[in-house]
Each structure stands twice: as C-alpha cells, then as structure tokens.
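Welcome! Here is a short tour for someone meeting this structure for the first time. Take a look at the sequence and the model, then read on.

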Amino acid sequence: LVGVWRDDESRIRRVVAVRPTDPDALLGLADLLSSQGRDAEAAALIARAGTLAPEAAADVQVARASAEFRAGRLESALAAAELALRQRLGSPTSERSALAAGMIRVRALARLGRTAEAVAAGEELRAQCPGEPVAQGALGAARFAAGDVAGALPLLRDASARLIEDAGLAWDLGRAAIASGDLVLARTAFERAVAGSPGFYEAWLGVADTRSRLGDAAGAVVALARAERLPAAADGRAAALRARIEAR
C-alpha cells in the first residue's frame, strides 16, 4: 500500500476504490482533476456524487462551481455557487460549502466586471464569516477589481499571510502591491505564488519583473527562464518581458 501514497491522485483514487459511494471522496478527486485541467473526468465524478448523495447537493454544486471557475466559465460558476448557497442545509459540511460558494460568487462577479455586486457580496461574506481569511481574500480581490487598491491591500496581505500556500491569493496580493507601488511586497507575493504553484506562468513573469525592477538582474533571469519553459510562454509575453528587462 505504500505506493498508494506516491501522489495525491493515487491516494484519493484508493479512497474512492474503497468507498465508491462516499461523496467527499468523489468530490475530492473531482477537485484534484479539475485543478489539472481534466474537466471531463471531474464533471463525471461530480455528476456521480450528485446521483449517489442527493443530501450533499450543496457540496456537489460547490464542486461544480469550482470546476467551472477554474475553466474560466464564469457565468456557469456563478450560477452553481448561487445554487449551492440556496441549498445549504445547516450542517457543518454545508457551512464549509457556504464559505466556498460565497468566495466563488464574489470572485466570479469581480471577473465578470460586476464589481459593485462583487464588493457587496464580499462584504456580506465577511460579515457572515468574521475573521475567515478566505472571505477576507475574496473581498480584497473584489475591492481591487473595483479600483480600490487602498481598501484591497490590507485584506489581501492578511489573508495571504494566513493562507500561505494559496497561490491565487498570493497572486492577487502581488498585483495589488504593484498597483500601490510596493515592489518588495509584490516580489514576495509573486515568489509565494510560484512556490505554491510552480506552473503559474503569470506569477513567474511577476517574479522576473519585480526582481529586475529591484535591481536583482540575476534573479530576474532565473525566474524568466522558468517562465519560458512553461507551455503558456507561447503567448509571447515572456519574450516581451525579456526584451524590456534587457533594455533596463
């Protein structure tokens, strides 16, 4: 059985094999596959969980919202998140689902450009979950999207410090720090993002850019080389950044 623990997918697949009707196991595997871009497999597991465990409807909708959000299908993500919030049953699991659904709702609204609604939803989520870094981070992202850098930065800084491995939150903090002119904080945030997600192309560009602007030419070259090795570098942004760095 030691081999089962060689990676997350093997471990979770073992749990699913042992407990094939456990919605938590099915949704856990779906979440992992969704994070790897394996949308069809994730969707099949989510549908299976919904069929096997109607009582876990909120959790199923949160999993669907998360998968849709990762895939960039923001309207679908928003619809699933709002459905999850309506389906809460008051159990501890549903409370966790409500937090996740609320976060996705806020972030989807922000990305859709519905920033006033996003900020209002973020304020509501923070009031419902006081002191919860996920809620603080969502509100911070919404305020940043609305152009309120000063209001976003402390929320993002605190949330990212408490959720140190959350690459997306670190990315949000880095962008807000850039907008505020704090290059040191931005560099630290982008470095945290790539530590949590080594394939995070945009964050590697952020690391390279901030290191260069802070005078760390050697560090910028290393970060840029990492970005250029990723498939996303085909978009040309890494090459354009290299030209800008070399011109500095």
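Two residues are in contact here when they have heavy atoms within 4.5 Å of each other. Please keep in mind that this is a predicted model.

Let's begin with helix α12, which covers residues 201-213. Its 13 residues should span 18 Å at 1.5 Å a residue, and this agrees with the 19 Å between its end C-alpha atoms.

Most of α12 is covered, with 11 of its 13 residues buried. Among them are Y201, W204, L205 and R211. The helices that the buried residues of α12 pack against are α10 (167-180), α11 (183-196), α13 (217-228) and α14 (237-247). Just after α12 comes G215, with a positive phi of about 90°.

L205 of α12 is buried, and in the largest nonpolar core, a set of 33 residues, L205 and L224 touch the most other members. Two or more residues of this core come from each of α9 (149-162), α10, α11, α12, α13 and α14. Beyond its neighbours within four places in sequence, L205 has contacts with L224, A227, R237, A238 and L241.

A second core, separate and made of 22 residues, includes L74, A101, A110 and A135.

Now for α2 (residues 23-35) and α4 (residues 57-70): their axes come within 9 Å and cross at roughly 5°. Angles under 35 degrees count as roughly parallel, so α2 is roughly parallel to α4.

On the α2 side, the contact is made by D24, L27, D31, S34 and S35, while α4 brings D59, V60, A63, S66, A67 and R70.

Definitions and conventions: Residues numbered from 1 in each chain as written. Predicted model: local features only at pLDDT ≥ 70, side-chain atom pairs only at ≥ 80, totals over all residues. Heavy atoms only, no water. Helix = DSSP H or I, 4+ residues; strand = E, 2+ residues; numbered from the N terminus. Expected span 1.5 Å × (residues − 1). Buried < 20%, exposed > 50% of the residue type's maximum accessible area, 1.4 Å probe, protein only. Axes fitted to C-alpha atoms, helices over the stretch in contact; angles between N-to-C directions. Parallel < 35°, antiparallel > 145°, perpendicular 65-115°, else oblique. Core = buried A, V, L, I, M, F, W, Y, C linked by side-chain atoms within 4.5 Å.
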